[in-house]
Amino acid sequence: MPRIASLECSRCHHHIPAATVEATPQTLCPVCAGSLYVRYDMDELKRTARREDIAARAAASPASLGMWRYAAVLPDATPVTLGEGWTPIIHSKRYPGLYIKEEGANPTGTFKARGLSLAVTLAKHYGLQHLAVPSAGNAAGALAAYAAAAGIKAHLFMPQDVPFANYVEGVVYGADVHLVDGLISDAARIVGERIKQQKESNTPASEIWFDISTLKEPYRIEGKKTMGYELVEQLGWTYPDAVFYPTGGGVGLIGMWKAFDEMEQLGWVTGKRPKMYALQAAGCAPISTAFDQHKPTSEFFQNADTFAAGLRVPKPYGDYIILDILQQSGGKAIASDDATILQSILDYARHEGIFLSPEGAAATAAYDQLLNSGELKPTDKVVLFNTGAGLKYTDMTAEAMHLRRPNTLPTSLPVGGIITPQ
Ligand SMILES: [Zn+2]
């Protein structure tokens, strides 16, 4: 595995040298508070990292299972792994060009496993003992699992109406679980205040929480970038025409774009990069609103409300990066309403055998919309991410469908179940 050469700010391009990175865990750019990218010595990687070696190494060693097959392009540390990554890419039964990347196959049932496996790996490497995260739900669940695997305490802050699975998994993994009256933005504020208080009250350094929020430390992007390496390898080291990505915080999109850049430098892939599509829910659509208005950053989305819980991110920290990638790639952002998202869940479940998460169904709903408008053809090669297993959202989906267990219905219904006026 390669050593980190430096961290580079995504906004002002300030570099943090390797010696500083080795000595202390890093958060944001010290100059402008931009998100940091891990940079390697690419000349050295060109000699040591060969795409021909990946499959053989993965077959030979359990340490190279899942996303760690790309260890040659990940930071040098002993992995905290639960078998994340190398998820199936499923060919659609109906559309010849459509491939669904099933991230529900990850540990804890979502793509969040990738970023948190890598971030917790580095946290353990640095000897951190307390990790805190504000989350829309699934990042909290993933942090709880990886922190448990690493012997680190996890502190989770998420909205009180998260999918029930997210609350249960946090408790089961033994995390310190806090349900917040508000959204991920409120959870983030509380985490920031707690850490500030700890620093001001002479809390011992080992007891101070480390904020492992999306894009506020450099390693979750590094884990997520493996989605970009994987989709290219799974398509025979070629690019698709487009990538459809449900976008809350947008780290996956940012990570994939970084992967494409690295793979091109390494000579692992050539040709035109895919158009990147960021898919959102109409009830929380800061990126699609900013995209439609040709703005370089998003505005805080007021009164965010959608059953696609992972998309309830009113102001993504990396909005400027996401919007730049959409622009550069020739893609766009599209928001679908909850009724359309629910219809898409049922459509893909019944005709493809795939139980999408509401976030994944925001992507399929947009895909169908572009097919209907003629902007996309069924033969265009599209990789669409189902970012989580539909089963993690059983309560939300059941509620949206007005479904209840038969034995919880009122017992006084007339025979035949027909409700008549009194
Ligand atoms: Zn900066």
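Visitor: How do the axes of helix α13 and helix α14 cross?

Guide: Two packed helices are described by the angle between their axes and the distance between the axes. Here the axes of α13 (residues 338-352) and α14 (residues 358-373) come within 8 Å and cross at roughly 90 degrees. That makes α13 roughly perpendicular to α14, a label for angles of 65 to 115 degrees. Axes are lines fitted to C-alpha atoms, for helices over the stretch in contact, with angles from 0 to 180 degrees between N-to-C directions. Helices are DSSP runs of H or I with at least four residues, strands are E runs of at least two, and both are numbered from the N terminus. This is a predicted model, in which local features need pLDDT of at least 70 and side-chain atom pairs count only at pLDDT 80 or more, while totals for chains, interfaces and linings use all residues. Residues are numbered from 1 along each chain as its sequence is written.

Visitor: Which residues of α13 and α14 meet?

Guide: T340, I341, S344, I345 and Y348 in α13 meet P358, A361, A362, T364, A365 and D368 in α14. Contact requires C-beta atoms, placed from the backbone, within 7 Å.

Visitor: What does F244 contact beyond its neighbours within four places in sequence?

Guide: Its partners are Y277, L279, A363, A366, Y367, V382, L384 and F385.

Visitor: In what order do the strands of the open sheet lie?

Guide: Strands of a sheet pair through backbone hydrogen bonds, either parallel or antiparallel. Here the order is β2-β1-β3, with antiparallel pairing; pairing takes at least two DSSP bridges between two strands. The edge strands, β2 (15-17) and β3 (36-39), each pair on one side only. Strand β1 (residues 6-9) is joined to β2 by 3 bridges, and S6 has P17 as its bridge partner in β2.

How values were computed: Contact = placed C-beta atoms within 7 Å. Parallel < 35°, antiparallel > 145°, perpendicular 65-115°, else oblique.
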